[in-house]
Amino acid sequence: MMKLWTVNWARALGGDDIPTDAFGGCIGVFSSHSEARNKLEQEKELFLLSLCADIEDEDDLAEIKNSLQITGSYGEEFYEIDYTAPDNTRVQWYITINEVELEDDQR
């Protein structure tokens, strides 16, 4: 049996006046648990840097920063990042590690 670790993300958004939309994906597959944990931390930091990078309006930037909430941790192996977008949409990102066990093929 072989163990691998995946780093995955999911995003959901919605609000009172719009339907909820959600999707997700896989950031990477790692043969080392420590590599996966490092990638988790790196992805969280990259996401936070990119979140406000292209926003020029100061009020929009303030809305995101004032509503930003981050839960989870490196030790808990997940991060949930919640904020309100400038159009009043609630946005939630979730980044986590999953352990996968591959069985040996005995054919």
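These legends walk through several views of one predicted model.

**About the model.** This is a predicted model in which local features need pLDDT of at least 70, side-chain atom pairs count only at pLDDT 80 or more, and totals for chains, interfaces and linings use all residues. Residues are numbered from 1 along each chain as its sequence is written, and side-chain values use heavy atoms, with hydrogens and water left out.

View 1. Helices (H or I, at least four residues) and strands (E, at least two) are DSSP runs, numbered from the N terminus. Starting at the N terminus, the elements follow the order β-β-α-α-β-β-β. The radius of gyration of the chain is 17 Å, well over the 13 Å that the globule rule gives for 107 residues, so the chain is more spread out than a compact globule. Here the radius is taken over C-alpha atoms, and the rule is 2.2 Å times the number of residues to the power 0.38. The C-alpha trace spans about 60 × 30 × 20 Å along its principal axes.

**View 2. Burial and surface of the chain.** Of the 107 residues, 31% count as buried. Buried means under 20% relative accessible area, exposed over 50%, and partly exposed in between (1.4 Å probe, protein chains only). The accessible surface comes to about 7,000 Å², and 47% of this belongs to carbon and sulfur atoms. These areas come from the Shrake-Rupley method with a 1.4 Å probe; for residues, only the protein chains shown count as cover.

**View 3. Strand E1 pairs with both E5 and E2.** Two strands pair if DSSP finds at least two bridges between them. E1 (residues 2-14) meets E5 (residues 90-102) in the antiparallel sense over 13 bridges. Look for alanine 12, whose bridge partner in E5 is glutamine 92. E1 also pairs with E2 (residues 21-30), again in the antiparallel sense, over nine bridges. Here leucine 13 has aspartate 21 of E2 as its bridge partner.

**View 4. The hairpin of E3 and E4 has four residues between its strands.** E3 and E4 pair in the antiparallel sense over five bridges, and serine 73 stands opposite phenylalanine 78 in E4. Glutamate 77 lies in the loop between E3 (69-73) and E4 (78-84). This residue has a positive phi of about 65° although it is not a glycine. Glutamate 77 counts as buried because its relative accessibility is 19%.

**View 5. Asparagine 88 sits in the loop between E4 and E5.** Asparagine 88 has a positive phi of about 70°, although it is not a glycine. With a relative accessibility of 58%, asparagine 88 counts as exposed.

**View 6. Leucine 61 is found in helix H2.** The helix covers residues 58-67. Leucine 61 is buried, with a relative accessible area of 15%. Leaving aside residues up to four places away in sequence, leucine 61 touches Cys52 and Ile55; contact means heavy atoms within 4.5 Å. Leucine 51 is 10 residues from leucine 61 in sequence, and their C-alpha atoms are 9.5 Å apart in space.
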